[in-house]
Amino acid sequence: MGKEGLRYAAKVSLDKPAAEQECLHNRWHPENPSYGTIKPGEAVKIECVDWTGGQIGNNDSADDVRGVDLTKIHYLTGPFDIETAEPGDVLVVEIQDVQPLDEQPWGFTGIFSKSNGGGFLDEIYPEPAKAIWDFEGIFCSSRHIPGVRFAGLIHPGILGCAPSAEVLSTWNKREAELISTHTHLNRTVAEPPQPKNVHAGSASTTLTDKIGKEGARTIPGRPEHGGNCDIKNLSRGSQVFLPVHVSGAKFSVGDLHFSQGDGEISFCGAIEMAGVITLKFSVMKDGVKQLDMKSPIFIPGPVETQFGPGRYMYFEGFSVDEQGKQHYLDATVAYRQTCLRVIEYLRRFGYNDYQIYLLLSCAPVQGHIAGIVDIPNVCTTLGLPMDIFDFDISPHLPAEKRDLGSCAFATK
């Protein structure tokens with residue numbers, strides 16, 4: 001150990017379309033061809049493209065966000081066979097490091113249009129918008145949200161093992177049932193298998209077609225394997241315990257984030273980036289039974305953004321919506337109201353609402369459920385770190401309106 005550099009299990013190209021790279025795939029399926037093999041106890045580096053596969057540019061227009069093709073996402077690196085891993089085992093993944101790629105020292109946060117992906121507040125903010133973030137070591141700042149600078153709690157949004165055929169069938173069945181019984185909501189509640197733009201690494205045309213018809217979309221996290229959980233504290237030094245469903249585990253990773261707030265509320269809401277992640281693997285034999293595991297477990301690492309005592313300002317929200325309608329123990333309504341309270345507060349300083357929406361999605365805010373038993377209201381809170389701003393936002397001071405520019409919008 002220490003005598004030579006770590007092996008790269010996969011490298012990506014930013015100059016080649018993601019759909020042409022054999023180390024990438026964008027559907028969960030047990031028959032995705034394995035890209036390589038990793039030994040238990042081995043630490044490796046794995047490069048990842050950003051989750052859209054390079055669809056978003058470093059510019060001052062949100063036209064690319066408006067037109068993003070969501071049939072292509074997420075591009076994940078893998079799958080990798082982990083030697084000795086078999087169904088019923090638990091794959092233990094230690095996140096040793098995550099960094100942006102040297103050739104792309106920037107990332108982006110987006111608000112998708114309500115008609116194409118949407119987000120947590122899309123009923124109120126339906127238009128696409130974007131912020132580009134420049135990386136300066138552990139810090140980031142944006143020309144689209146001036147007056148803010150903070151350290152990123154860098155992490156992967158997605159990691160998981162391939163489903164078995166049985167698990168995949170369960171996913172597709174239950175999500176199809178959700179879709180069929182919720183047409184009255186007049187919005188997309190889940191995405192079924194989508195053959196368009198499926199990418200399955202080195203798979204043959206016949207196998208790719210099969211994966212397109214059967215493969216689960218990567219959009220949601222799922223209890224059987226984790227996947228797209230977007231947990232901001234799953235950072236360097238963390239350990240993740242993942243159930244294994246197929247021989248070799250077929251582990252994949254992607255959707256790297258420089259920073260994210262709890263909830264990632266704008267959907268494309270972290271600071272999305274291309275990067276390299278260093279992982280070490282071990283296998284817990286018969287671990288699913290040993291842990292009575294129904295969903296993944298993780299232990300956070302020692303890295304955390306540090307703000308002193310009293311340096312968060314907390315906003316409260318309840319299960320009463322913006323029209324004044326009472327809901328019963330609805331945490332979604334409560335957290336939406338919490339976010340709106342922060343937007344109302346910060347707009348007094350000169351930010352527009354879309355800038356604040358973007359900021360709450362990617363800055364290291366703390367979202368919590370404070371109370372969930374006091375009928376009829378859930379109480380949720382959002383902690384805004386005061387020291388990410390280069391001016392004082394304390395509530396005991398009058399708000400001074402500033403020229404704080406604008407985020408990027410799409411052309412009309």
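Which residue in β8 is the bridge partner of tryptophan 106? Aspartate 134 is. We will come back to that pair.

First, the ground rules. This is a predicted model, where local features need pLDDT of at least 70, side-chain atom pairs count only at pLDDT 80 or more, and totals for chains, interfaces and linings use all residues. Residues are numbered from 1 along each chain as its sequence is written, and side-chain values use heavy atoms, with hydrogens and water left out.

Now the whole chain. The protein chain has 6 helices and 22 strands. Both are DSSP runs, numbered from the N terminus: helices are H or I with at least four residues, strands are E with at least two. The radius of gyration, taken over C-alpha atoms, is 21 Å, close to the 22 Å that the globule rule gives for 412 residues, so the chain is as compact as a globular protein of that length. That rule is 2.2 Å times the number of residues to the power 0.38. Along the principal axes, the C-alpha atoms fill a box of roughly 60 × 55 × 45 Å.

Next, burial. Of the 412 residues, 54% are buried. Buried means under 20% relative accessible area, exposed means over 50%, and partly exposed lies in between, with a 1.4 Å probe and protein chains only.

Contacts next. A contact means heavy atoms within 4.5 Å. Take the contacts with a separation of 6 or more: residues 24 or more positions apart account for 81% of them.

Now zoom in on strand β8, residues 129-136. Is β8 mostly covered or mostly open? Mostly covered: 6 of its 8 residues are buried. What does β8 pair with? Two strands pair if DSSP finds at least two bridges between them. Strand β7, residues 106-111, pairs with β8 in the antiparallel sense over 6 bridges. Our opening pair, tryptophan 106 and aspartate 134, belongs here. Strand β9, residues 139-142, also runs antiparallel to β8, with 4 bridges. There, tryptophan 133 stands opposite serine 142. β8 and β9 form a hairpin with 2 residues between them. Glycine 137, in the turn, has a positive phi of about 65°. Strand β22, residues 408-409, pairs with β8 over 2 bridges, antiparallel again. Alanine 129 stands opposite phenylalanine 409 in β22.

Last stop, helix α3, residues 205-214. Leu207, Thr208, Ile211 and Gly212 are buried. They cover an arc of only 140° around the axis, which puts them on the same side of α3. That arc is of the directions from the helix axis to the C-beta atoms. The face turned away from the buried side carries exposed Thr206 and Lys213.
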